[in-house]
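Subject: Structure handover and findings

Hello,

Here is the structure for your files. Please load it before reading on.

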Amino acid sequence: MNVIDLVRLFAESLDVGVLLTDAQLNQPGPRILYANPSFARMSGYAASEVIGQTPRILQGKGTSREGTRQVQRALRAEGHFLGCLQNYRKSGEAYLCEINVRAIRRLDGEPEAYIAFEREVVRRRGRPTRGGAGRYRPVEETASDIFLSDRIPGLG
């Protein structure tokens, strides 16, 4: 079983977006190896549209360039990053995304891949909540959801 299969086993049913990339941090990488259904619902991109792309596909004019540099510096130095970036859905709509990225390391300690857990932030910490709304927007399934395994060879 390879790392993609292992991540797929636990991430398919999660209600948080999950992206798996290779470990190549230099341009043009990293490349997306896997995206779970919750990521597809949150971003508007089907897994088949992002696999082989870089996570930069989610960036736009409002994405902090300093923020993206911080992600890369943290991954190189510590192998993990936790923070928020403004991302963009396929439709062009901006959303604030909390990203928690961790290295998946080989036995020799070198990164084999990076796994990112992503949630849309609807309010910042410390702000009062209206009507009991939480900090994160739930990823909701819709009647139009299609099982990605039906469309991507090797899934399922």
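Below are the ground rules, then the findings.

**Ground rules**

This is a predicted model, so local features need pLDDT of at least 70, side-chain atom pairs count only at pLDDT 80 or more, and totals for chains, interfaces and linings use all residues. Residues are numbered from 1 along each chain as its sequence is written, and side-chain values use heavy atoms, with hydrogens and water left out.

**Confidence**

pLDDT is the predictor's confidence in each residue, from 0 to 100. The protein chain has a mean pLDDT of 85. Of its residues, 78% reach 70 or more. Take care with residues 141-156, where pLDDT stays under 50. The model has 17 contacts beyond four places in sequence for that stretch. Contact means heavy atoms within 4.5 Å.

**Fold**

The protein chain has 4 helices and 5 strands. Both are DSSP runs numbered from the N terminus: helices are H or I with at least four residues, strands are E with at least two. The order along the sequence is α-β-β-α-α-α-β-β-β. Of the contacts with a separation of 6 or more, 43% are between residues 24 or more positions apart. The chain has 156 residues, and 39% of them are buried. Buried means under 20% relative accessible area, exposed over 50%, and partly exposed in between (1.4 Å probe, protein chains only).

**Second largest pocket**

A word on method first. Rolling a probe the size of a water molecule over the atoms shows where empty space is left. The search uses a 1 Å grid over the protein atoms alone; a pocket is an open set of points where a 1.4 Å probe fits, with protein on both sides within 12 Å along at least five of seven lines. Lining residues have an atom within 4 Å of a point. Points are joined across faces, edges and corners, and a volume is the space filled by probe spheres set on them.

The second largest pocket holds about 500 Å³ of space. Its lining has 23 residues. P30, P55, Q59, T68 and V71 lie nearest the centre. α4 (65-77) gives the largest share of the lining, 7 residues. β1 (17-22), β3 (80-88), β4 (94-105) and β5 (111-120) are also among the elements that each supply at least two. By type, the lining divides into 13 nonpolar, 5 polar and 5 charged residues. Here Ala, Val, Leu, Ile, Met, Phe, Trp, Tyr, Cys and Pro count as nonpolar, Asp, Glu, Lys and Arg as charged, and the others, Gly among them, as polar.

**Cis peptide bonds**

P30 is found in the loop between β1 and β2. A cis peptide bond joins G29 to P30, with omega about -5°. P28 lies in the loop between β1 and β2 (32-35). Q27 and P28 are joined by a cis peptide bond too, with omega about 5°.

**Cysteines**

There are 0 disulfides, a disulfide being a pair of cysteine sulfur atoms within 2.5 Å. C84 is partly exposed, at 30% relative accessibility. C97 is buried, with a relative accessible area of 0%.

**Strand β3**

N87 lies in strand β3. N87 is buried, at 3% relative accessible area. Beyond four places in sequence, N87 contacts L58, E93, A94, Y95, C97, I99 and E118.

Y88 is in strand β3 too. Y88 counts as buried, at 11%. Beyond four places in sequence, its contacts include Y45, L58, Q59, K61, T63 and Y95. The C-alpha atoms of Y88 and R56 are separated by 9.9 Å, at 32 residues apart along the chain.

D15 sits in the loop between α1 (3-11) and β1. D15 is exposed, with a relative accessible area of 61%. D15 and N36 are 21 residues apart in sequence and 9.3 Å apart, C-alpha to C-alpha.

G17 lies in strand β1. G17 is buried, at 0% relative accessibility. G17 and A116 are 99 residues apart in sequence, yet 7.9 Å apart, C-alpha to C-alpha. Beyond four places in sequence, G17 contacts N36, S38, F39, A116, F117 and E118.

Best regards
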